[in-house]
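Colleague: I would like to learn how to read a few features of a model. Could you take me through them one at a time?

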Amino acid sequence: MKKVLTGAEIRQGFIDFFVQRGHTVVPSASLVPGGDQTLLFTNAGMVQFKDVFLGTDHRPYTRAVDSQKCMRVAGKHNDLEDVGRDDAHHTFFEMLGNWSFGDYYKKEAITWAWELLTDVWGLDKSTLWTTCFKDEKGEIAADEDAAKFWHQQPGINPEHILYFGRKENFWEMADTGPCGPCSEIHIDLGAEYCDKKDVPGHVCRVNGDCKRFLELWNLVFIQYNRLGPTALEPLPATHVDTGMGFERIVAVLQGVYSNYRTDLLMPVMETVRELCGQTPEERDANITPYRVIADHSRAAAFLIADGVVPGNTGRNYVCRMIIRRAVRFGGKLGLNKPFMSQVADTVIQIYGAAYPELRRNRSAILANLTREEERFHKTLAEGVTQLNDLLAGVKSAGGATLDGRKAFELYATHGLPMEITRDIAREQGLDVDEEGFRQAMEEHRAVSGAGKAFGPMGGEDVDTFRAILEEMMKEGKLPSGTVAYDPYSSLEVEGEVLALVRDGISLNEVTEGNQVEVILPKTCFYVEAGGQVSDTGKIVSMQEPGWEIQVEDVRRPAAGIIVHIGKVVKGNPRIGDRAMASVDAHRRRDIMRNHTATHLLHAELHRVLGEHARQAGSLVAPDRLRFDFTHPDAISPEQLDDIESGVNRDILEDYRLKIITKPLARAIEEGATALFGEKYGEIVRTITIGEGKPLSYELCGGTHVQETGDIGLFIIVTEGSAAAGVRRIEAVTGKAAYELVRHRFSTLKQTAGLLASSLEEVPGKTKTTLDDLDQARKQAQRLRQELVSAEFDQKLNNVAQVNEIPVLAMVLSNADAETMRQMTDRFKQRYPSGVVVLGSAVDGRPALIAAVTDDLVKRGLQAGELVKTIAQVIGGSGGGRPTLAQAGGKDAGKLHEALDQVLPYVKSKLTAK
Ligand SMILES: [Zn+2]
Ligand SMILES: [Zn+2]
């Protein structure tokens, strides 16, 4: 009997098979697509190679093999609703692929696919079917080559080679661009897999609608460039792009009917089962929550490893939503305390070897999950109760859909994501207006001033600049088609003014006072990237009559175009004028100090806190640097001191920075730090600090000092929380650090002057002074109390009588609430039956207190009512128990007047009985 391969062996087997055939192993790209604003998550193997097919990116290899992490949870390809309901859908999955960039083509792709499936993995040839493209409209040539090569495969059943049309077998990237026919391999799992046997007219067939035939592998042959709806031109080079759903092939090779029963997900479900204490039979009878939790905890672990933490917008929202969705399904299994970190730990065990980022970020993954679960548990019950009320309302009104705005309110107040609201609504046969939810969310975001929740940013005047660029290329002014960009070698550059744009219109001449955008053939101005802000400076004419433009910003509206934005402060600049552009050198040097210091800070955070403290955001400005990083807890003052002094030690070592460009793969292999969400080309710029095993080794396009000593001094100004699981440090260097120190010194000197002490004695002297002050306050308080009691005792000997009951009403000077209470006690010790009402004002705020002995309460005299009545005089109110009550007020001047009412009040109450 053949040994059953593990999932890890199958993944590795695929990669090894193609490596033996000259392919380079390319690591999976991050789930966060680099430099692609239009895509929420990497959703196919294609994503990291898109630019290669478009011809704008070149790789040092022509054959590649990979296993790509993919996420389909939002947008067009959205499987979320199906996850849990069946055996095949996932939010996160892996896609195996082999790639040819202008290298081998259909013959090899088909031969190898057959060889791997049948020879290496031993699938029964008689169960395999293949499909080729034949255009149902007859406009595009049928892919007879592919069919021919399939026929040549050993042992293939010729009747299993079928033709299909555009929907199944023609692949397009977009409305225009690379496209071509594809060829698929399907497997017949056997008649017992058909789930439509009882449906009249059902035919079991490839690309049919039952579960008997399963698509295993799609081979895409890119051979055309689509110019329009009907126009195709052949590409000069042809490519191969293949994709095989990893979970699916593992299920087939392990002979299990469900992706969830493979060794990729079964152990995860087993962890869930152990946590809730069910038997395997109970699990199988109620499998949906198991599948949802297994799928979502795997997806969440991979997301957090790629730097996506739970939050309110975009990717972060998705991370939050899937965690919360899993938590709700956990509730169905009786898991009412945080459990996902234990489930995710199993995921890390299964996937950690193939995806080491999971191991590196284990603590961040577990901590983020637990924190998010705790947060959700606080509001879940209340949210669900309120939702059930709303749904009951919809039903009783005869409706079928919950208002989207109400669904959004549930999210805003109880943290119930729309997807969970939808789950619950559907369990009751209702639906949710998702469009309305999205609208309400966008409106809320607009009001709260945050960025857009979904979709691309857009809004750039890209077309104007593209037109200008084309014009310039036609005139031969910009032969390369791009503005040369070199912010590294010089702070000055000469060139001819190529374009002047004002309010989106290209002009020949602009005048003094105009706000303009200027294009030169090359620039030394840094364009904001990687957190480092853009340069400012000036552009001046090199000929008579002179002119000058003050450059306030630089931007890149589209690839290849760099625009200087500024104001004409002198003269009338014209197209064709020779000009000198120069960066504000002082400002730039301050920026460079902060950028290099940022790298040192990042390195010291790793040393002091651990490798999990990864960059989550960065600002490198002239006056300060701001660095956000993932770390679950607050940072102690000792750790902060350690980090700050570490950076200063690195500065004093005066390391020379090594700035080298090299292939990305080599840099990554050497352990260079790459940032999530950044797109890197094949050749990258690396910054190394430190000798031997470097202190810091980062991929970075920013500008840096030559030696760390140039930074001067580094001081952390603040440390705090930036978001859940993310800390933020702000710091200053160089001049700003000196200014800060000087300012703090001068404050210290002033303090020393006031204390008449030396600088060193300030803390000791301050402490003594504060102690003295404390003593003096206590003494003053004691004296005041003594005075008050003396005053009170005098009166106590001389109390008025109402109906033979002693009643004392008096104003005490400067007595606080506590003192007044003590005085009422003293009154009651002296008179077992009686009424005492005291008033006093401290700092102009009047207060009253009234005490009535029990026997008089029985006779209808209530301290609460009494104090409430007389407090009206001082413009206040109050209350309390029948025996003791107090009140505050506004008008201290009327205290006497208020107390004068006590005797008449008591008299009226007692005689009324
Ligand atoms: Zn069927
Ligand atoms: Zn950097």
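Modeller: Start with the naming: helices (H or I, at least four residues) and strands (E, at least two) are DSSP runs, numbered from the N terminus. This is a predicted model, in which local features need pLDDT of at least 70 and side-chain atom pairs count only at pLDDT 80 or more, while totals for chains, interfaces and linings use all residues. Residues are numbered from 1 along each chain as written, chains are lettered from A and ligands numbered from 1 in written order, and side-chain values use heavy atoms, without hydrogens and water.

Colleague: How much space lies in the second largest pocket, and which helix gives the largest share of its lining?

Modeller: On a 1 Å grid over the protein atoms alone, a pocket is an open set of points where a 1.4 Å probe fits, with protein on both sides within 12 Å along at least five of seven lines; lining residues have an atom within 4 Å of a point. Points are joined across faces, edges and corners, and the volume is the space filled by probe spheres set on them. Here that space is about 370 Å³. Of the 18 lining residues, Tyr-488, Met-592, His-704, Val-705 and Gln-706 are the closest to the centre of the pocket. Helix α18 (residues 585–609) gives the largest share of the lining, 4 residues.

Colleague: How does that lining divide by class?

Modeller: Ala, Val, Leu, Ile, Met, Phe, Trp, Tyr, Cys and Pro count as nonpolar, Asp, Glu, Lys and Arg as charged, and the others, Gly among them, as polar. The lining of the second largest pocket has 7 nonpolar, 5 polar and 6 charged residues.

Colleague: At what angle do α9 and α13 pack?

Modeller: Axes are lines fitted to C-alpha atoms, for helices over the stretch in contact (heavy atoms within 4.5 Å), and angles run from 0 to 180 degrees between N-to-C directions. Helix α9 (residues 288–305) meets helix α13 (residues 362–396) at about 120°, with the axes 9 Å apart. Angles under 35 degrees count as roughly parallel, over 145 as roughly antiparallel, 65 to 115 as roughly perpendicular and the rest as oblique, so α9 and α13 are oblique to each other. Ala-300, Ala-301, Ile-304 and Ala-305 of α9 touch Ala-364, Ile-365, Asn-368 and Leu-369 of α13. That contact has 7 nonpolar, 1 polar and no charged residues.

Colleague: Which other helix packs on α13?

Modeller: Helix α15 (residues 418–427) does, at about 45° and with the axes 11 Å apart. That angle makes α13 oblique to α15. Phe-376, Val-384, Leu-387, Asn-388 and Leu-391 of α13 face Ile-420, Thr-421, Ile-424 and Ala-425 of α15, a contact of 7 nonpolar, 2 polar and no charged residues.

Colleague: And which backbone points deserve a look?

Modeller: Most residues other than glycine have a negative phi, and most peptide bonds are trans. In this model, the bond from Glu-544 to Pro-545 is cis, with omega near -5°. Pro-545 sits in the loop between β18 (537–541) and β19 (548–558). Asn-207 has a positive phi, near 60°, and lies in the loop between β7 (177–188) and β8 (213–226).
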